[in-house]
Amino acid sequence: MTEARMRTVDYNLYYGSFKALTNVTLNIPVNRITAIIGPSGCGKSSLLRSFNRMNELIPGVRTTGEVFLDGENIFSKDVVELRKKVGMVFQRPNPFPKSVYDNVAYGPRIHGIRDKTILAEIVESSLKSAALWDEVKDNLGKSGLALSGGQQQRLCIARALAIEPEVVLMDEPASALDPVATLKIEELMEKLKQKYTIVIVTHNMQQAARVSDFTAFMLTDEQRSGNMIEFGPTTDIFTNPVDSRTEDYISGRFG
Amino acid sequence: MLIRETYEAELDSIREALMRLSRMAEVSVQESVRILKNRLFEEGEQLIQNDNVINRKCFEIEESCLNIIATQQPVAGDLRFIFAGMQIAMELERIADYAKGIAAINMRISPGEHIKPLIDIPRMSEKACEMLRKAIDAFLNRDIAAIEEIPPMDVEIDLLYEQVYRELLTHVMQKPEIINDAMMLTFVAHNLERVGDRVINICERVVYLCTGKVVDLG
């Protein structure tokens with residue numbers, strides 16, 4: 001097993017009195033794509049949001065257990081610093097109503113970078129990493145909202161990359177995109193993993209099989225709380241899963 | 001209620017098609033030896049022609065497997081079943097080819113009675129067909145334990161083949177003019193020995209289906 005960039009140990013998450021995640025222990029291998037799959041309501045997005053403490057924005061949230069980034073407990077870190085290292089891309093592209101340039105420069109500026117030359121370099125390298133540069137380089141002043149859906153999502157990825165994270169969390173990043181834009185995002189993920197650790201939540205099992213190196217399968221128990229059922233190399237999960245519930249789910253026999 | 005009824009029906013139809021193809025291959029082997037034993041040339045001709053039907057069935061199974069992969073994206077146990085099923089269809093088609101070969105050899109043996117009574121060759125055929133039935137049942141029931149007894153049966157077939165070969169060699173030494181017929185009967189025994197080997201390949205696919213592991217049982 002590759003070295004873990006992030007790790008949860010006996011992690012439990014509560015929304016008020018409702019326990020959304022139960023005893024999740026999971027390693028997120030460094031510079032690999034890890035897919036989290038499972039039926040609706042199994043807690044996969046809750047788990048994803050735990051990696052950069054996004055759940056804390058929801059009132060009544062409480063956690064027990066531990067989550068580590070590079071061996072350091074994320075709950076003892078400054079949350080802004082954590083989110084700088086663990087970026088996120090959401091289901092629907094959500095560019096700011098600003099120019100392409102300002103969308104990408106937004107994060108670095110928040111983190112105190114003012115030098116225009118440095119900002120321009122960050123914008124260019126981030127857009128290149130997000131495979132969007134060639135399509136927008138001649139019109140960086142164009143509104144981010146004027147781009148196509150697929151371009152908007154790559155702009156959001158560029159925005160996430162601009163603050164040089166170690167981990168990129170992706171919550172159904174292609175579910176609102178057409179097949180061609182989806183494949184572009186998937187190709188992009190393959191390139192990004194050389195530099196970043198990626199965790200993706202997806203309902204699309206073929207996508208999980210295509211893009212990820214490791215797959216985690218989650219399912220709710222009788223109390224409707226999310227449990228980690230199986231984790232392993234994607235090729236094993238999709239050809240020879242150990243748990244019969246994993247097999248039934250990925251074969252489409254329930255869910 | 002099944003969530004994927006169409007998909008389940010397509011898997012069932014591949015399962016049934018494999019069962020039918022296996023039965024056709026088995027009957028071909030049994031018939032070829034009966035034809036050889038009783039020197040039945042017309043029926044032999046018929047068996048040779050019928051081999052096309054078996055070939056077509058094999059292609060149909062391959063096509064169904066490719067279609068289900070392309071349209072239903074099977075994974076895990078289903079994917080292993082389809083992958084193994086395609087290979088088993090090919091093995092069955094080759095088994096039927098051996099039967100066709102035996103019917104063809106019958107036509108190249110001198111007319112009239114055989115140079116010796118056929119005892120071990122029918123035994124080989126019975127053993128090979130029994131192996132085939134057990135292997136296909138194990139595949140369809142995903143029963144890895146059921147294949148354990150099959151490799152020793154293949155060893156028995158190999159021993160019978162050696163016995164037939166030695167016996168025919170002795171006959172030829174005593175009576176050199178029968179060399180052509182003796183060689184032909186050796187070819188028949190060789191074909192049946194190969195049927196056993198093909199069944200062992202099927203057993204390897206059963207292991208793959210049940211465990212995901214590729215093994216060599218040969």
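**Figure 1. Phe96(A) is a partly exposed residue of chain A.** In this predicted model, Phe96(A) has 14 C-beta neighbours inside 10 Å. That count falls between the limits of 12 or fewer for exposed and 20 or more for buried, so Phe96(A) is classed as partly exposed. Leaving out residues up to four places away in sequence, Phe96(A) touches Asn103(A), Tyr106(A) and Gly144(A). Ser143(A) is 47 residues from Phe96(A) in sequence, yet the two C-alpha atoms are 8.7 Å apart in space.

Figure 2. Of the 255 residues in chain A, 45% are buried. Among contacts in chain A between residues at least 6 apart in sequence, 68% join residues at least 24 apart.

**Figure 3. Chain B has 6 helices and 0 strands.** Read from the N terminus, the order of elements in chain B is α-α-α-α-α-α. The C-alpha atoms of chain B fill a box of roughly 70 × 35 × 20 Å, taken along the principal axes. Buried residues account for 43% of the 218 residues in chain B. For contacts in chain B between residues at least 6 apart in sequence, 81% link residues at least 24 apart.

**Figure 4. Helices H3 and H6 of chain B pack against each other.** Helix H3 spans residues 76-108 of chain B and helix H6 spans residues 179-211 of chain B. Their axes lie 9 Å apart and meet at an angle of about 175°. Because this angle is over 145 degrees, H3(B) is roughly antiparallel to H6(B). The contact of H3(B) with H6(B) contains 14 nonpolar, 4 polar and 7 charged residues.

**Figure 5. Chain A meets chain B through 12 residues of chain A and 10 residues of chain B.** On the side of chain A that touches chain B, the elements giving two or more residues are helix H8 (205-211), helix H9 (234-239) and helix H10 (244-250) of chain A. By class, this side of chain A has 5 nonpolar, 5 polar and 2 charged residues.

Conventions
Residues are numbered from 1 along each chain as its sequence is written. Chains are lettered from A and ligands numbered from 1 in the order in which they are written. This is a predicted model: local features need pLDDT of at least 70, side-chain atom pairs count only at pLDDT 80 or more; totals for chains, interfaces and linings use all residues. Two residues are in contact if their C-beta atoms, placed from the backbone, lie within 7 Å. Helices (H or I, at least four residues) and strands (E, at least two) are DSSP runs, numbered from the N terminus. Ala, Val, Leu, Ile, Met, Phe, Trp, Tyr, Cys and Pro count as nonpolar, Asp, Glu, Lys and Arg as charged, and the others, Gly among them, as polar. Axes are lines fitted to C-alpha atoms, for helices over the stretch in contact, and angles run from 0 to 180 degrees between N-to-C directions. Angles under 35 degrees count as roughly parallel, over 145 as roughly antiparallel, 65 to 115 as roughly perpendicular and the rest as oblique.
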